[in-house]
Amino acid sequence: MKSIKRPIFISFLAFVFGEFIAKTNLYSGIRIGIIITSIVFIVGYTIITKQQVSFLVVIFLFLVMGLVITKSEQATRDEIYSIEDGNVKVSGIVAKITETKMGYGIYLRKSKFDAGKNENIIVYAEDVSKIKIGNVIEVRGDFEQFENARNQGNFDSRKYYESLGIYGKLSANKIVVIDKRVNIFKENIRQLKSFIEKRLDDICNKNKWNLEILKNKNSMYEAILLGDKNNLDTEIKDLYAFSGIAHVLAISGLHISIIGIFIYNSLRRKFKFFVSAFFSIIVVFLFGFLSGMAVATIRAMVMFALRLIGDAIGRNYDGLTSMSLVGILLLINNPFIIYNSGFQMSFAAIFSIIIVWKKIEYVFQFKEKIRNLDKNKENDNVISKKDRRINKLKKAKYKCESSLMFSAVVSIFMSPIVAYNYYSLPTYGFLLNLIIIPLMNIVVISGIVGIMLSLI
């Protein structure tokens, strides 16, 4: 088994640092000075750690790549921001269609303004019955820039949509489909999502047993299973956020692990490793597309796939390398995604688990203690009933201590990010997570099974 080294993690940090240099409003001379200082640091690191010269070259290239890509995206963004609000004509390819409380949101990529500007925007419309994903449409309507937060702590819509790669919004007065080509895969996924939402509505609100416990829970299941929080009450969303458990409403590693591992373990009972891994990855990616491909979802999907692929080709899985590779790919696609709170919290959580928790777990030897107790279990017939009971209590104690410490480590590590983005800090969130996370297995699996049974 070959071990994967971690130059990709250093490359990820170099790319982020290149972004930082691009985003700082500094004179060119100061930027050059920072780059030279960075080169000196990288050379020093290479000499001390006895890395090859190729390592130095790769790290420097990623730093420059982060700088250049960010500057290029800033120039494109500023062109859109220079457009004045008012009536405009825009054409573009429909990349995504979402339902909102006010109608529908049509995400256009490669949109072309009549002023000659090109970038991604979102179009708000009342009717999308004749529009499909992949169509090229021409829209005339009122263009409006996203607003910055007027006061500290308020929602910054411009920064949020920047992190999604969207730089303007348009309220449509007239929409014409000028090219009817359809992205069959994405359109079918959208139709499937609509179908599942209808099934959830039928199960929760139109079931013949009139079960009170299910009434008005369809929006909750839509959020947990499909990542669609549009129909969820604001009070409920705020309650989850203030309690520190809002992550269960976002499709993340928790959902991917539940679904992916469940399918993989189920297939492994009858099929070989490669077949089980292949179909598990396919299902996980389909689920990701179905849920909208949020940042945390993409991160979890790719890391899950890399873990299975690493096992298949005989390589040790390295979580830090896997996380860094996903981070680089996301930043190359949209350098402003680093502003996204989902990006920050998802990567901070994984980093705290891979680096901090692994060290703590090593110090306290939780796994080793539980493993030793399991070995003693083999000798149950030669030890007394009292000792067996003591062993069970010790095992339960170690598991509780491990779970409590794990939740506390992740919560503490993420607290600065949560406080920075939401101006609040749920002090008891790590305790709620001890209850919520195990129960999520039941919620997710029961939701999926319920949808499947509703078809019969």
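In which hand does α8 pass α15 in a crossing? Right-handed, in this predicted model.

The contact there is made by L254, H255, I258, I259 and F262 on the α8 side. From α15 come I437, M440, N441, V444, I445 and I448. By class, nine of these residues are nonpolar and two are polar, with no charged residue.

Now the geometry of that pair. Helix α8 covers residues 253–268 and helix α15 covers residues 429–454. Their axes are 10 Å apart, and the packing angle is about 60°. Angles under 35 degrees count as roughly parallel and 65 to 115 as roughly perpendicular, so α8 and α15 are classed as oblique to each other.

The second pair is α10 and α11. Helix α10 is residues 295–312, and its axis comes within 9 Å of that of α11, crossing at roughly 135°. That angle makes α10 oblique to α11. Here α10 passes α11 in a right-handed crossing. On α10 the contact residues are V295, I298, R299, V302, M303 and L306. On α11 they are G319, S322, M323, L325, V326 and L330. The contact of α10 with α11 has nine nonpolar residues, two polar and one charged.

Is S324 buried or exposed? Its relative accessibility is 0%, so S324 counts as buried. What is S324 in contact with, leaving aside neighbours within four places in sequence? The answer is I8, F9 and F12.

Definitions and conventions: Residues numbered from 1 in each chain as written. Predicted model: local features only at pLDDT ≥ 70, side-chain atom pairs only at ≥ 80, totals over all residues. Heavy atoms only, no water. Buried < 20%, exposed > 50% of the residue type's maximum accessible area, 1.4 Å probe, protein only. Contact = heavy atoms within 4.5 Å. Axes fitted to C-alpha atoms, helices over the stretch in contact; angles between N-to-C directions. Helix = DSSP H or I, 4+ residues; strand = E, 2+ residues; numbered from the N terminus. Parallel < 35°, antiparallel > 145°, perpendicular 65-115°, else oblique. Left-handed = near helix turned anticlockwise from the far one by under 90°. Nonpolar A, V, L, I, M, F, W, Y, C, P; charged D, E, K, R; others polar.
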